[in-house]
Amino acid sequence: MGQELIYLDNATSTKVAPEVVEAMLPYFTERYAVASSQFSHTPGLEAKEALDRARAAIASRINAQPEELVFTSGGTEANNLAIKGAAWANRKKGNHIITSKIEHLSVLHPCRSLEREGFQVTYLDVDHEGFIDLDQLEDAITDETILVSIQWVNQEVGAIQNIEEIGRLCRERGVLFHTDAVLGLGWLPLDVQEANIDLASFSAHKLHGPKGIGGLYVRSGVKLKRLLDGGYNEFELRAGTENIPGAVGFAKAVEIFTSEDAEYVRGLRDRLIESLLGIEGAELNGPRDGARRHPGNVNVSFRFAEGESIILHLDMKGIAVITGSACFSRALEPSHVLLAMGYPHERAHSSIRYTLSRYNTPEELDRAVEATREVVERLRQISPMKRGGR
Ligand SMILES: Cc1ncc(COP(=O)(O)O)c(C=O)c1O
């Protein structure tokens, strides 16, 4: 095609940082022994040490102990382990779980499957900007409640929930608090002690680490039933040969992600929002207050232009973004997040999500804005909605 890709889909997955690739490579080519061989030979012991170093580096970033971090295959598995694992282990205490309507499917679907097993789940509403109401959460907690699972950062509109307040409330009421922290790690500071978090899910590929590795923080003393039976790996919470190159890459990605990176991206975000809102009929979706929005998230709807057509045309121009329209969810419904926020179908159908990383430049964003303007204007000229005067 000859044109340079402008990749603005970083909430889905990020470029692996060159430093991360470099750190991982020896664990494919030279140090390929596994940690479970630690008692048999030196390469096994070295593998175990590499795994321990990676675990300690990530744990220290969130103020946890190394043995409180369980490596998983990613955020989906971490969410499943947290939710199903806590529900199954605490069945005798109660059968009620609270979550929100805007969670990632890797939270919503485990909740649905627990409902089929007889658990009761409350799905909290969110406001127009994507925030849950703490009073509603408090009212929803009953004597049967064993777990609250509320995400830290929303995948579509970037709303940052007040996890410190949620954690405080859960601790007061003696209920476990799990947060899907997949999109927050690295980008925002996290102290699991201060926030009273019992369980937190992570995924390396959201912060320039490799795909296929993530983790679950499990506060010491919290009981989980494991999903995978097998060997004694990961403190007996996750059987299976450890992904040592993945763990090393994950730790490197965490280590090199700085607050300056987040600041730089936040600057790009604000500039992009301002420019996109200069396009006629553009409306910002999600939080207005930049401090309550993920540093890399921009979500805008363009009246009288359909999201799916916009992304296809932008793709032809080498710009990768996604829409909250039907194709996003594979179902024929627009994004469950935008609908839960109370947006009408048309607004959800015309929403475009641009998510940024430290590898994006202001020039790229200027080009993306100009391309969006062109595409939106062209689509409007042929839009039946516009011609119908709606
Ligand atoms: C908020 C959130 N939670 C969980 C996940 C799942 O993570 P993974 O891709 O590592 O399974 C994602 C990925 O899209 C996400 O955005």
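Where does His104 lie? In this predicted model, His104 is placed in the loop between E3 and helix H5 (105–116). His104 is partly exposed, because its relative accessible area is 33%, a value that falls between the limits of 20% and 50%. Although 233 residues separate His104 from Val337 along the chain, the C-alpha atoms of these two residues are separated by 8.9 Å. A contrasting pair is formed by Lys223 and Val369, which are 146 residues apart in sequence and 49 Å apart in space, again taken from C-alpha to C-alpha. Lys223 is located in the loop between E8 and H8, and this residue counts as exposed because its relative accessibility is 57%, the limit being 50%.

The surroundings of the ligand were examined next. A total of 13 residues surround the ligand, and the closest of them are Gly75, Thr76, Asp180, Ser203 and Lys206. By residue class, the shell around the ligand divides into 2 nonpolar, 9 polar and 2 charged residues. Helix H4, which spans residues 75–89, provides the largest share of this shell, with 3 residues. In the case of Lys206, an N or O atom of the side chain is found 2.6 Å from an oxygen atom of the ligand. When the ligand is taken alone, 390 Å² of its surface is exposed, and the protein buries 85% of that area.

The nonpolar interior was then considered. In soluble globular proteins, nonpolar side chains tend to be buried together. In the present model, the largest nonpolar core has 98 residues, and Phe202, Phe250 and Phe302 are those with the most contacts inside this core. Among the secondary-structure elements, helix H9 (residues 244–256) gives the most to the core, contributing 8 residues. The core draws at least three residues from each of two domains, namely domain 1 (18–256) and domain 2 (258–381).

Thr72 belongs to strand E2, which covers residues 69–72, and counts as buried because its relative accessibility is 3%, where the limit is 20%. The side chain of Thr72 reaches the backbone oxygen of Gly74 at 2.8 Å, and a polar atom of the Thr72 side chain also lies 3.4 Å from the backbone nitrogen of Gly215. His96 is situated in strand E3 (residues 96–100) and is buried, with a relative accessible area of 7%. The side chain of His96 is joined to that of Thr145 by a polar contact of 2.8 Å. Asn299, in turn, is part of strand E10 (residues 297–302), and this residue is buried because its relative accessible area is 2%. Asn299 and Gly324 are 25 residues apart in sequence, while the distance between their C-alpha atoms is 9.0 Å.

Most residues other than glycine have a negative phi, and most peptide bonds are trans. His208, although not a glycine, has a positive phi of about 70°. This residue is located in the loop between strand E7 (199–203) and strand E8 (214–218), and His208 is buried, with a relative accessible area of 1%. A positive phi, here of about 65°, is also found at Glu236, which is likewise not a glycine. Glu236 lies in helix H8, which is made up of residues 233–236, and Glu236 counts as partly exposed because its relative accessibility is 48%, a value between the limits of 20% and 50%.

Methods:
Residues are numbered from 1 along each chain as its sequence is written. This is a predicted model: local features need pLDDT of at least 70, side-chain atom pairs count only at pLDDT 80 or more; totals for chains, interfaces and linings use all residues. Side-chain values use heavy atoms; hydrogens and water are left out. A residue is near a molecule or strand if one of its heavy atoms lies within 4 Å of it. A polar contact is a pair of N or O atoms within 3.5 Å; within protein, one must be able to donate a hydrogen and the other to accept it, and residues adjacent in sequence count only if both atoms are side-chain atoms. Accessible areas come from the Shrake-Rupley method with a 1.4 Å probe; for residues, only the protein chains shown count as cover. Helices (H or I, at least four residues) and strands (E, at least two) are DSSP runs, numbered from the N terminus. Ala, Val, Leu, Ile, Met, Phe, Trp, Tyr, Cys and Pro count as nonpolar, Asp, Glu, Lys and Arg as charged, and the others, Gly among them, as polar. A nonpolar core is a set of buried Ala, Val, Leu, Ile, Met, Phe, Trp, Tyr and Cys residues joined through side-chain atoms within 4.5 Å. Buried means under 20% relative accessible area, exposed over 50%, partly exposed in between (1.4 Å probe, protein chains only). Domain bounds come from an automatic or database domain assignment.
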